[in-house]
Amino acid sequence: MQSVISSCEERMKKTAANLKDGFASLRTGRASPSLFDKLRVEYYGEKSPLSQVATISVPEARLIVIQPWDKNLIAEIEKAIRTSELSLNPSNDGKVIRIAIPPLTEERRKELVKLAKNQAEQARVAVRNIRRDGNDELKKMLKEASITEDDESKGSAELQKLTDSYIGKVNQALEEKEKEIMEV
């Protein structure tokens, strides 16, 4: 019974971590290197993460500086940023790429909040699906007589507590992200 609960908890942890990763790539009005976590650049015929071919720094609140380790990559990095869904406009001086983060419009902020809510809802659904899988596993164990009815009901109650806890974490993460997006 404990193995079912601990495996469900592990899966719920991963769901919460994935949500935070998804939130990190949502652009807010502030500059953040995590905006480029999913950005890949063509490097020697391979698609490499930007963080593996350049240094990304944030010298000011609304400025990101990307310094490629290989100067020949500047054009590739610029192209990758322009074609990404970040809607940013990079400029380079031959050595580094500078990206000024424009303040978000009210309309764009609302779109981003909607995206964040959608990601949070997907995470909540995933957590509930994990609970269902755990309950199914407990029922199967009961049927095979490897646990008692009392154990099954205790296990279900524990799974419900876990589910409530992780849904609370998802809601809290969403609240924080909404606040971050909406602040001017």
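**Exercise 1. How are helix 1 and helix 3 oriented to each other, roughly parallel or roughly antiparallel?**

Let's work it out on this predicted model.

- Step 1: Find the two elements. Helix 1 covers residues 2-24, and helix 3 covers residues 106-143.
- Step 2: Look at the geometry. The two helices pack at an angle of about 170°, and their axes lie 10 Å apart.
- Step 3: Apply the cut-off. Angles over 145 degrees count as roughly antiparallel, and therefore helix 1 and helix 3 are roughly antiparallel to each other.
- Step 4: See who takes part. The contact of helix 1 with helix 3 has 13 nonpolar, 4 polar and 4 charged residues.

**Exercise 2. Describe how helix 3 packs with helix 4.**

- Step 1: Helix 4 spans residues 149-182.
- Step 2: Its axis is 10 Å from that of helix 3, at an angle of about 170°.
- Step 3: That angle makes helix 3 roughly antiparallel to helix 4.
- Step 4: Sorted by class, the contact of helix 3 with helix 4 holds 15 nonpolar, 7 polar and 11 charged residues.

**Exercise 3. Which ring does the charged end of K169 sit over?**

- Solution: Look at Y166. The charged end of K169 is 4.4 Å from the centre of the Y166 ring.

Methods. Residues are numbered from 1 along each chain as its sequence is written. This is a predicted model: local features need pLDDT of at least 70, side-chain atom pairs count only at pLDDT 80 or more; totals for chains, interfaces and linings use all residues. Side-chain values use heavy atoms; hydrogens and water are left out. Axes are lines fitted to C-alpha atoms, for helices over the stretch in contact, and angles run from 0 to 180 degrees between N-to-C directions. Helices (H or I, at least four residues) and strands (E, at least two) are DSSP runs, numbered from the N terminus. Angles under 35 degrees count as roughly parallel, over 145 as roughly antiparallel, 65 to 115 as roughly perpendicular and the rest as oblique. Ala, Val, Leu, Ile, Met, Phe, Trp, Tyr, Cys and Pro count as nonpolar, Asp, Glu, Lys and Arg as charged, and the others, Gly among them, as polar. A charge sits over a ring if NZ of Lys or CZ of Arg is within 6 Å of the ring centre and within 35 degrees of the ring normal.
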